[in-house]
Amino acid sequence: MRASIRVMGSGVWRLTVSRRWATRKASDKVYSTVEEAVADIPSGATLLVGGFGLCGIPNATIQALQKQGAKDLTVVSNNAGVDDWGLGLLLQTRQVKKMISSYVGENKTFERQYLNGELELEFVPQGTLAERIRAGGAGIPAFFTPTAAGTVIEEGNFPTKYGLNGEGEPQVVSKGRESRVINGRHYILEPAITGDFAIVKAYQADTRGNLRFRGTARNFNPACATAGKITIAEVEEIVPAGTFAPEDVHLPGVYVQRIVCPPKYEKKIERRTVRSAEEASEIHEDAELKDPTTLSTRERIVRRAALEFQDGMYVNLGIGIPTLASNYLPKGVEIELQSENGLLGMGPYPLEEVADADLINAGKETVSYLPSSAIFSSDQSFAMIRGGHMHLTVLGALQVAPNGDLANWIIPKKMVKGMGGAMDLVSSGSRVVVTMEHTAKCGAHKILESCTLPLTGKGVVDRIITELCVFDIDKSTGSMILVELAPGVTEEEVKEATGAAYSVSPDLKPMPFAGCF
């Protein structure tokens, strides 16, 4: 039922019921088509949209909204799909006025519209975004978090909307955050987020709106569902109430007002990453130890990073070089890999025939389960990160400074990727190791006296691993110490490639590598 209430004189309440919805009982949540489910979403509405990359996105509902034509929408979602799928469809038809997201990724339409001043974009760290939505659904108006303290998120005045064609002064800039020191730690105040409508994707629903999710397609969907005034759940199957055992319900129906089951469509995979049957049967440990002088630049970094792992660690690895390090675990070392989109106990890439659109890692690559694996929502994922339950974070960088400052998420007006979960990870209090090539491709220094790019975290890095050497960061003094030197590399070469002062450890030693003699 669609209704509005107005208070008249003498305390009289008048209930106005839209004729269109007068015949639908409030308890009748099942809609016959996605077109019917989105018909009353007005222009100017704020939408919360579930999904991570292309995993767990309500694509049929988004397509229906594209045809419905609502404009000037504010959309809250971790990212915006790709150019021709997911929220990228609404960007193409210019129905979105503002995005609130943590990641632009490879969506060129998203990036172009922001840089050209056609779209307002509020960047929010991924874990903060998940918690702001969860807080909105839980009736919590705001909360303090250490994530992004000391960055442009706290400082404000970061461009959220450029002038047309990217020229002139920004038309809109971000607001700063209130800060507070609690128990000696720096926190910033983040407001909750709610929406007029939430559009989510689930695997199954019963007729009372109880939802079940599949694999990592859970991600942001539960939190979004709780924070929408009206939640539309796109599902793959609707079953009678009572089909699910109560303990098997992932999201209670109290949060869901509309359920729709569109015709089946193919779920797209952003990065189908698989291994061959031969690779699956191989043991990861090298049959023979390698000569470290024969390693490529990338392999040097990867094999050295693998020695950071200790038995029993819970570890979050960034995409690229950090993820590859897990292929070279030292003998006898077992770790649990956490992926911030909601997977603990991440397995290897799957065989081609079992690659699953509902099972991906934070890099949007297809992965597999392990016997110890657990699946959970994005807000739960960042609760374990923010709560300090991860022992180690390994990630890449654009710039690092001797005081531990890190920049790795944006080059203003040039490269707009977004911070994703990086700000949350480096602010969690876990050990942070940066893995990167020592200089940029053009030869520019990446280790600088102070970062010139917007920071990901202030004073957060513990160690830097490059193909040339290993630096340790002494946070108490804000200084950097050379502790390991790669084979064939001289201190003079390191000095020339480093744009910041450092000291040399009296215990300087050769750089070791996993699987090498």
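Biologist: What should I know about the model before I go on?
Modeller: It is a predicted model, so local features need pLDDT of at least 70 and side-chain atom pairs count only at pLDDT 80 or more, while totals for chains, interfaces and linings use all residues. Residues are numbered from 1 along each chain as its sequence is written, and side-chain values use heavy atoms, leaving out hydrogens and water.

Biologist: What is the average pLDDT?
Modeller: The average is 92, and 94% of the residues score at least 70. pLDDT is the predictor's confidence in each residue, from 0 to 100.

Biologist: Where does it stay under 50?
Modeller: Over residues 1-22, for which the model has 29 contacts beyond four places in sequence. Contact means heavy atoms within 4.5 Å. Where pLDDT is low, the predicted coordinates should not be read in detail.

Biologist: Back to charges: how many salt bridges are there in the whole structure?
Modeller: The search finds 28. One of them is R258 with D40, whose closest N and O atoms are 2.8 Å apart. R258 is in strand 16 and D40 in the loop between helix 1 and strand 4, so the pair links parts of the chain that are 218 residues apart. Helices (H or I, at least four residues) and strands (E, at least two) are DSSP runs, numbered from the N terminus.

Biologist: Are R258 and D40 buried or exposed?
Modeller: R258 is buried at 6% relative accessible area, and D40 is buried at 11%.

Biologist: Which residue does D356 bridge to?
Modeller: R214, at 2.8 Å from N to O. D356 sits in the loop between strand 19 and strand 20, and R214 in the loop between strand 14 and helix 7, so the bridge ties together parts 142 residues apart in sequence. R214 is partly exposed, at 32%.

Biologist: New topic: why is helix 9 described as largely enclosed?
Modeller: Because 7 of its 9 residues are buried. They are E299, R300, I301, V302, R303, R304 and A305. What covers them includes helix 10, strand 26, strand 27, strand 28 and strand 29.

Biologist: Which residues of helix 5 meet helix 11?
Modeller: Q126, G127, T128, A130, E131 and R134 of helix 5 meet S378, D379, F382 and R386 of helix 11.

Biologist: Last one: what is phi for K364 and K413?
Modeller: K364 has a positive phi of about 65 degrees although it is not a glycine, and phi of K413 is near 65 degrees, again in a residue other than glycine. K364 lies in the loop between strand 19 and strand 20 and is buried, at 7%. K413 lies in the loop between strand 24 and strand 25 and is partly exposed, at 48%.

How values were computed:
A salt bridge is a side-chain nitrogen of Lys or Arg within 4 Å of a carboxyl oxygen of Asp or Glu. Buried means under 20% relative accessible area, exposed over 50%, partly exposed in between (1.4 Å probe, protein chains only).
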